[in-house]
Amino acid sequence: MLRSEFTIDLGAVRQNARRFRSLLGEAELWAVAKADGYGHGAADVGRAATEAGATAVCVGTVAEGLSLRRVLPEQRIIVLGPTDQAREAREARLELVVGDGPIPTGVPVHVKVDTGMGRYGFRKVRALPENVVGLMTHLATADSDPAFADRQLARFREATAGSSLTLHAANSAAALRIPSSRFDAARVGIGLYGLSPFGGDPGDDGLEPVLSWRSGLAQVKQLQPGESTGYGRTFVAERPTWIGIVPVGYADGFRRDLTGTEILVDGERRNVVGTVSMDSFAVELPGALPAGTAVTLIGDGLLAEEHARHDGTITYELVTGLNANPDRAVRRVLDA
Ligand SMILES: *Cc1c(COP(=O)(O)O)cnc(C)c1O
């Protein structure tokens, strides 16, 4: 029985990488694969993006960088998060981002300038040691407030005037819609996975979703009027109602607040009803479908963005919460 199956389409990763490369012109594409490649698998995504012309892969921690180094022996790997593991980074030829305190030696460093994110980063760029290779900033509102992003970019230009180091500021949203943010490289995460940084349809920006999530009906039954499904009896049938039980729950990343969202059952949109459990949830059916009927939770035209909007969250949170542990899920990689 198909329980929880993730399919990662590396052809789509390469196609999205090529889309960004054509937008970026002379600026380099750096693939962001922190949090295990936004839940898609950092090793696979980092390799596919590299094949499609990404010239660096960015991760969140030194440990993520060390794992990636095993599969990408030659690629530049940049650790975006703060760390005290400079020695491990040096030995594995990782590059570090530093936004506070002393700058470690013997390892390539990107100095982060806080131009308005109000998070990591120096307020000012001072004299820099020779192992600093890049100057960067991070935009707080590239997806939502381009005017504020422009103010940040102006501060960044001012702070870096006259520098011959590699300058980088853009995330996916900025790379797509703010040409002046592109500088020498763009750090592209969400768009590489074919997810819209704007929460809309990724197709509007020429992006193709990489991840599909499928399951199947484990059991089908008819509720009589007054009967309910799931914890708390939050769905009570008003008329005879066919429901299917999908063997996926919040422990798999199908969040508890997804009650009411749509999924595909045998290719048709159906509503999730009742409370989502740890290992299962219910979907309303038009009639008595056979157990084993195909269910798509993400993919086949059903966008992760729809679930994120339903939840009041963003796809970043949804996909990094997916559980591909082999004890619970099957992970397939398409590498055509
Ligand atoms: C995660 C991250 C990115 C990528 O952002 P997307 O919106 O996913 O493209 C870029 N830069 C930094 C510093 C990040 O932490």
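## Basis of the model

Residues are numbered from 1 along each chain as its sequence is written, and side-chain values use heavy atoms, with hydrogens and water left out. Because the model is predicted, local features need pLDDT of at least 70 and side-chain atom pairs count only at pLDDT 80 or more, while totals for chains, interfaces and linings use all residues.

## Two helices in contact

Helix α1 (residues 10-24) packs against helix α3 (residues 42-51) at an angle of about 45°, with the axes 8 Å apart.

In the contact (heavy atoms within 4.5 Å), α1 contributes Leu10, Val13 and Arg14, and α3 contributes residues including Asp44, Val45 and Arg47.

## Salt bridges

The whole structure holds 21 salt bridges, each a side-chain nitrogen of Lys or Arg within 4 Å of a carboxyl oxygen of Asp or Glu. One network of salt bridges links Arg14, Asp44, Arg47, Glu51, Arg331 and Asp335.

Aspartate 252 meets arginine 3 in a salt bridge (2.9 Å, N to O), and this pair links parts of the chain 249 residues apart. Aspartate 252 also meets arginine 328 in a salt bridge (2.9 Å, N to O), a pair 76 residues apart. Aspartate 252 counts as buried at 0% relative accessibility, where buried means under 20% relative accessible area, exposed over 50% and partly exposed in between (1.4 Å probe, protein chains only). Arginine 3, at 22%, counts as partly exposed, and arginine 328 is partly exposed with 21%.

Technical notes. Axes fitted to C-alpha atoms, helices over the stretch in contact; angles between N-to-C directions. Helix = DSSP H or I, 4+ residues; strand = E, 2+ residues; numbered from the N terminus.
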